[in-house]
Structures are given as C-alpha cells and as structure tokens.
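Here is a short report on one protein structure. It looks at what holds the fold together inside the chain.

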Amino acid sequence: MGKSVALYVHIPYCKRKCDYCDFFSRTVSSVPDQYITAVLNEINWRVKKYGISAWRTVYIGGGTPSLLSSVQLVTLIKGILSACGNKGKIADEITVEMNPDDITVALLDAAEYCGVTRISVGIQSLDDTVLSFLHRRCSRGTSLAALECIQKNWKLHFSADMIAGLPYLDNQKFCHGLEELISYGSDHISLYSLVIEKNTPLGKNIGTGGLVYDYDFADAQWILGRDLLEGYGMHQYEVSNFSRPGAESIHNMAYWNQENYVGAGAGATGTIYDIAPGKGIRWTNTCDTDTYLSYWCTEQKLSDSPPCSLEKLNLKTEEFEFFMMGLRTLKGISTAAYTARFGRNLEKRLGACDGGLFDTWQSRGLACHFSDRGDNRYALTPQGLLFLNSFLESLL
C-alpha cells in the first residue's frame, strides 16, 4: 500500500527581500512558467520513487507564492493532485502563503477554485514606521486593504503571521496591531519572536552598532502578545502558533509529529522516516535555480540522481528530532509512539520520576504529564515552552 504524506512546495521568488529575512529566495518580478513545469516533474518523480499514493496535506510556501499568476496557481495545484491519483479529491488541507500586496479577489477566487482550503498571509506588523524600516513590500494601508478583501471574499481558513520584537515597535502599537488583525476574522495566528540573522541587513545593522536592539524587551513583548491572543480565545497549541478550535495547521503537525513529508522545488527539504528504523532519508534540493530548472525541465529516469544533498538519519538523530519537534507542541510526546519507534521506556529517558529532569521541571510548573485517550503524554507547559532549548540541552 502506498504512503499518504504531506507535501511542501517551495516558490523561491520575491519581488523584494525584507531586511530580517534569511530564507532562500531570488528577486524577480514574476515566477517563470518553466519553474511550474520543473516542480511538477520533480513531484511526479518522487511520487514514483517513494510509492506515494495520496497527499494528506499540501503547503505552498516561499519566497512569495502569491507571485504566481492565477493560471500558474491552478496549473500547479491541479498537477500536484493528479500526480498521485488525487484526481477530483481534495487533500485534507491545502495552504498557500500570500503577501498582502498581492491579494486580489481574482487570486482568492483562483485559490478557492483549485481547492485551497487555507491561506497564510504575512502581515508581520501594521505599523508604517516599522514596515518602512524593514523594507517590507507593503504598507499599513495595503495590508488593511488585503485584510478587508479577505474578510469579504474568503470563507475558508485564514492564517496570518505577526512578529514581536521588531525595531521601533512599542507595546501599544504591537498590541493594537494584533487586535486589528483579530478583528478581521483570522482563525489562526503565528506569532514569532524576531530572530536576528547576522548575515541579513538587519543583523549587520545591529552587529555594527548602527541599531541598538533590546532582546529582553523583545522577549517580553512576545509574552505580552501570547497573553493577548489567549485573552481573545486563540489557544496556543505550539511554540509560535495560536488558533481557534479546529483551525490548527494540519500540515505543520506532520513536522511536529515526525511524519513523512516530501519537499519539492529549489531549496526545499523532504524526509521519509519509515524506510526502516534508523534508516530514514532526508534530501535538500539545490538552491541554484538555474541548475534546478535545467535538470527538472528535461525528461528524467527513475535511476537518475537529482541535484540535492542527501542525509541518512540514524536512530540517535531521529530520537533527537522526536523530542525537539514533539515538545514544541502543547500535546507533547506520546509514550506509545516513543516505545514503538525506539523500543525504550520514555519515562526513564525523560527522567519523569525520582527527581529526574522532567520530574524537576514538573515540580516547578514547567512540565506536565497527562493521559489522552489512554495514551500517556509528556509536555512542557506554556511557561516551560519559553525554555524549550534549555530542556533539550539538559535532556540530550
């Protein structure tokens, strides 16, 4: 029987790169049609190679996927679904990332027509001073216009990204922006704490002393945002993700639950875990778009080696990722899943008794142990999630 897996498609193109962004992308005015052909060829090849029978979820990210024209978007998604027999059948969830500047009624109509069930919009901030400083490709006005367009014309799931700790963003403006976003009906908000990447324009500005950045203030602002979102009924279910009941990201749960996922497109990563215990395989496609296009736009044989790096995952690596990803969520990790996968006792491994690591964290209110439908689970509390890296370092 074939595999039902998650699919991530990377669109590595942006009109302009934001000063804080370290994601792989190339600056263009539009996405070349050739790229859609290449991605679909890769997807069809990987479907055959890994025996994939259906897509559980599809996530189109970037870069800026909303640079795709309506025709390109429809072609891409229809090609994705037909690649493994989902003809006429919609995956459990199909998400497309969008930039506020690109959102039109025509784009939303095209997304709904080809089966998109969820859009994810990169708002980041609703303050013009902040947006201008970071060279974002949108203003407060265009973002609000996009939100109004979504509110009037999109009836399915709507997620948005916001960032805490942005330069020149005080607490009052930050909270007001979150409240405005909620008022437009977003049922899922990813609230990130700004990560300063040293090789970005923002990172270099801070590194050379051109901008003084208060990391403690940024952390406190994220906590303020967390509390505000929960006050509006958005429950935290993962380190950076909040949603209304039933609006959680199904696709992202595949990563956090260590499930198989295919990555297609230049710079994309995919992982197949269940080849055999400790025999998982991970690939990362080339970030050279010319090389990617040249290879995948020609007819390939199943035995060919595509332009990507390969990593074999041993049990130690898989166990580390089991903890790292599973403990990001409020549901934590499953005793049954751990034992089935690694053949070990989770309670002993965590130090869940007799003053061990987990026991100590639980006594401090930073961790908890509970039963979910008869399955024993171990998790960090919302307060404990703030120190996830510290727990992992102590555990591993």
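The sections below cover the nonpolar cores, the salt bridges and the cysteines of this predicted model.

## Nonpolar cores

The largest nonpolar core has 91 residues. I43, W55 and L76 have the most contacts inside it. Helix α1, residues 33-50, gives this core its largest share, nine residues.

L76 shows how such contacts reach along the chain. Beyond its neighbours within four places in sequence, L76 is in contact with V9, I11, I36, V39, L40, I60 and L68. A second, separate core has 21 residues, among them F322, F323, L327 and F358.

## Salt bridges

The structure holds 16 salt bridges. One of them joins D102 and R137, at 3.0 Å from N to O. D102 sits in the loop between β5 and α3, and R137 in the loop between α4 and α5, so the bridge ties together parts 35 residues apart in sequence. Both residues are buried.

E180 and R140 also pair, at 2.8 Å. E180 is in helix α6 and R140 in helix α5, 40 residues apart. E180 is buried at 14% relative accessible area, while R140 is partly exposed at 26%.

R282 and E311 meet with their closest N and O atoms 4.0 Å apart. This pair links strand β13 to strand β14. R282 is buried; E311 is partly exposed. Elsewhere, shared partners join R56, D92 and E259 into one network.

## Cysteines

How many disulfides does the structure hold? It holds zero. The sulfur of C287 has its closest cysteine sulfur in C308, 12 Å away, which is too far for a bond. C287 is partly exposed at 34%, and C308 is partly exposed at 24%.

Methods
Residues are numbered from 1 along each chain as its sequence is written. This is a predicted model: local features need pLDDT of at least 70, side-chain atom pairs count only at pLDDT 80 or more; totals for chains, interfaces and linings use all residues. Side-chain values use heavy atoms; hydrogens and water are left out. A disulfide is a pair of cysteine sulfur atoms within 2.5 Å. Buried means under 20% relative accessible area, exposed over 50%, partly exposed in between (1.4 Å probe, protein chains only). A nonpolar core is a set of buried Ala, Val, Leu, Ile, Met, Phe, Trp, Tyr and Cys residues joined through side-chain atoms within 4.5 Å. Helices (H or I, at least four residues) and strands (E, at least two) are DSSP runs, numbered from the N terminus. Contact means heavy atoms within 4.5 Å. A salt bridge is a side-chain nitrogen of Lys or Arg within 4 Å of a carboxyl oxygen of Asp or Glu.
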